[in-house]
2 protein chains.
Amino acid sequence: VPSSAVRISIDTAAAWIDRNALPLAPEIITLADAVGRVLASAAEAMIDLPSFDRASIDGLAVRAEDVAGASAYNPLSVQVVPAGTALPPQGGAFVDAADALPAASDAIVPLAYVEDGATGSHAIIEAVATGHGVERRASQIARGATLFTAGREIHPHDLGLLVAAGSERLAVTRRPRVACYILRPSGGSSGAAVRDTNGPLLRALIERDGGLVAECRLVDRSGPAVGEALARAVDMDVIVLVGGSGPGANDNAAAAVAATNELVFHGLALRPGETAGLGRSSGGVPIFLLPGPPASCLWAYEFLAGRAIRRRGARHPGLPFAMRRMTAGRKIVSDIGMTEIWPVRDMGQDRFEGVAPFAEAGLAAFACSDGFVIIPEGREGIAQGTEMHVYRRDGRDRDRHTDTMP
Amino acid sequence: VPSSAVRISIDTAAAWIDRNALPLAPEIITLADAVGRVLASAAEAMIDLPSFDRASIDGLAVRAEDVAGASAYNPLSVQVVPAGTALPPQGGAFVDAADALPAASDAIVPLAYVEDGATGSHAIIEAVATGHGVERRASQIARGATLFTAGREIHPHDLGLLVAAGSERLAVTRRPRVACYILRPSGGSSGAAVRDTNGPLLRALIERDGGLVAECRLVDRSGPAVGEALARAVDMDVIVLVGGSGPGANDNAAAAVAATNELVFHGLALRPGETAGLGRSSGGVPIFLLPGPPASCLWAYEFLAGRAIRRRGARHPGLPFAMRRMTAGRKIVSDIGMTEIWPVRDMGQDRFEGVAPFAEAGLAAFACSDGFVIIPEGREGIAQGTEMHVYRRDGRDRDRHTDTMP
């Protein structure tokens, strides 16, 4: 039975993860798979944008000098030729926005300033400056210019520019392959079938963090069975062992890691998540011991395994939630020496209050919370009126949208 | 050639969309597909949680009254029996956290207070209160209780509770089926092959907004070809026509909609996006006319088609970006009468400045921007020192994480 007295802080754990869970090598993907991936090297424009001189408006392409002085009181006649033919002196050609600029033309007269003339000719009733309605080659971006720097996660808006600038393939950081071994609950005296909450929960979290769930299965909780699963987990970038991390007689996860690999620590000053641990395979792959109770499993994942997966995938290693600065509307009491995650709900007017903690409510705390706060291990709770970062559970700060139209 | 003088405001367009693009009917899905979907009705707990009285810690299950008065100076002996057998008077059974509470026991003595006795018996060195270390059936959540109300988008944390509470299927709003018809560029005089930026960009945006791209193809830009595509777009929930929305001779999109369906408006007081329009099929399906230039296509999508897709999928109809309150570090000049989207970059200290606008830089504006501001149509720009909502391009306000450890 390991002593629970030696618990390391989440800061120490995070520092170990940041030193040992290094970003993976790049791989090449096509643009169709790019959204959500992280650039491993800068993306450059492959072509000039635009790639030729072109019209930026619909209108009549002319030589600006030919229509100098045109006005409603001094309409100037222009001979219209089909686009693509040589522009004669005092000639013009109709173009649409994005069409190539006809040779010899240097300005576009907007359609509003073009009137049908009497004999099939057209009259210009407003002069235009050279370059009006024209976009020169490479005026938006020149071939070789940097579009996005390494480390950027590609979002839909970025994709538009990448396509427009001729990218077809990108070097992105490989997605971490994650193995999840869920230790079969021992069942105890009840023999009751226990629903596996952790498997589906971890799958969703790993995918959220950009990981690939390469394997996720139940494993017997005996030491040899755990050791065998670890030995067979080749080609994995992160290994997660769930359950069997506590001090009970059937809790063999830590001992199995220590016997077959390296156990770095066991016991985390995080509530929920106290019995979490961390190890390393002989190949250097981080192994995380997550507690079996789902709320503890969740928070140990968020601070340990999730951090490693985010970091190996070259993402920001921090918790992937938007934060808002809010004020405690009621006090919350917590124990000194443990970083405590406390579910909270909005009280209005940028104030929050704690709801039933995970220790009492388990995951059900989520049914009535809007977010959570992190109470640092050096504090005995939060006094009423304290300003804190409240992490918004939905990952986006959507609430802010409701009071503005768009 | 439609008049560009009659442009409707984005507020009027949004109001039309909110009245006419109604949320779709529900469908039933399994939990494995639930992340990212929107609940069409409240999700209820299908079972009590926990579903039986159970241990919440590892330890020795006892009758609390049997160990009343135990202390280090007054150890009380307990006869340990296997879990699952009847607890004799002054008896106990070892259990792990989450095991069923042995019949007749009502408290768990933590392992730290259990010592091996001389003759195979065990000594308790600290009394525990009734209920210590015990979680009663339904103490977290009772069968039938509401877990999440209708309209909630399911996030990974929610999934954990849904699994734990016995949900297997959920009623969620059906994903809108979207058809995208990209009008083939007319080519003009150049005959140069034009890269289709809009197709990949719209695919990514529609998926971001929870839509299903049911069809996305190039269509000839003649009126009959557009009309035929619209006529064949059965079973669609939103139809998007891209290109051909301008005043040029080959711009037939609006006329084709007017000829075969209903054209509600053409011309939007939005820059970029001025030539956007909106119609409705005989079956009541909204049809959006998006301009061909990619930056204009993007913003017309965000304010028109995207709003309809988000609304039909029962999502928040607003722009799906986090916002931050920031101060203009330099002035930005815009035209009165047009809502203008202006790309901006961070200057530090919660200040922003405009970068080259979309009219000049096209999508390349995204290469050097961190977000954008919306300059309302009633304003002629933004004075230095003005406080504005800056929309963060990456959809999440991740920057806030960088200064805090987790």
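**Exercise 1. Determine how strand 4 of chain B pairs with strand 7 and with strand 6 of chain B.**

Step 1. In this predicted model, strand 4 of chain B pairs with strand 7 (residues 107–110) of chain B in the antiparallel sense, over four bridges. Strands (E, at least two residues) and helices (H or I, at least four residues) are DSSP runs, numbered from the N terminus; two strands pair if DSSP finds at least two bridges between them.

Step 2. Within strand 7 of chain B, B:Ile108 is the bridge partner of B:Ala61.

Step 3. Strand 4 (residues 59–62) of chain B also runs antiparallel to strand 6 (residues 91–95) of chain B, to which three bridges join it. Here B:Gly59 has B:Val95 as its bridge partner.

The model is predicted, so local features need pLDDT of at least 70 and side-chain atom pairs count only at pLDDT 80 or more, whereas totals for chains, interfaces and linings use all residues. Residues are numbered from 1 along each chain as its sequence is written, chains are lettered from A and ligands numbered from 1 in the order in which they are written, and side-chain values use heavy atoms, with hydrogens and water left out.

**Exercise 2. State the strand order of the sheet of chain A that contains strands 7 and 8, and explain why one side of each of these strands is left without a neighbour.**

Step 1. The sheet is open, with six strands in the order 7-4-6-5-9-8 and mixed pairing.

Step 2. Strand 7 (107–110) and strand 8 (114–116) of chain A are at the edges; each has a single partner strand, so one side of each lacks a neighbour in the sheet.

Step 3. From one strand to the next, the twist averages 45° (angles run from 0 to 180 degrees between N-to-C directions, and axes are lines fitted to C-alpha atoms, for helices over the stretch in contact).

Step 4. Inside this sheet, strand 5 (residues 76–80) and strand 9 (residues 122–124) of chain A form an antiparallel pair over three bridges, with A:Ala123 as the bridge partner of A:Ser77.

**Exercise 3. Describe the sheet of chain A with the order 14-13-15-19-18-16, and the helix that lies across strands 13, 15, 16, 18 and 19.**

Step 1. This open sheet has six strands and mixed pairing. Strand 14 (212–219) and strand 16 (262–266) of chain A are its edge strands, each pairing on one side only.

Step 2. Neighbouring strands are turned by 20° against each other on average, direction ignored.

Step 3. Strand 15 (residues 238–242) and strand 19 (residues 286–290) of chain A pair in the parallel sense over four bridges; A:Leu241 has A:Leu289 as its bridge partner.

Step 4. Helix 5 (residues 253–260) of chain A lies across these strands and runs at about 145° to strand 16 of chain A.

**Exercise 4. Characterise the contact between chain A and chain B, including the packing of helix 3 of chain A with helix 2 of chain B.**

Step 1. Chain B contributes 88 residues and chain A 87 residues to the contact (heavy atoms within 4.5 Å).

Step 2. The buried area is about 6900 Å², of which carbon and sulfur atoms give 59%; this is the accessible area (1.4 Å probe) that the two parts lose on being put together, summed over both.

Step 3. The axes of helix 3 (residues 198–208) of chain A and helix 2 (residues 156–164) of chain B come within 8 Å and cross at roughly 170°. The two helices are therefore roughly antiparallel (angles over 145 degrees).

Step 4. Among the residues making this contact are A:Leu201, A:Leu205 and B:Leu159.

Notes
Parallel < 35°, antiparallel > 145°, perpendicular 65-115°, else oblique.
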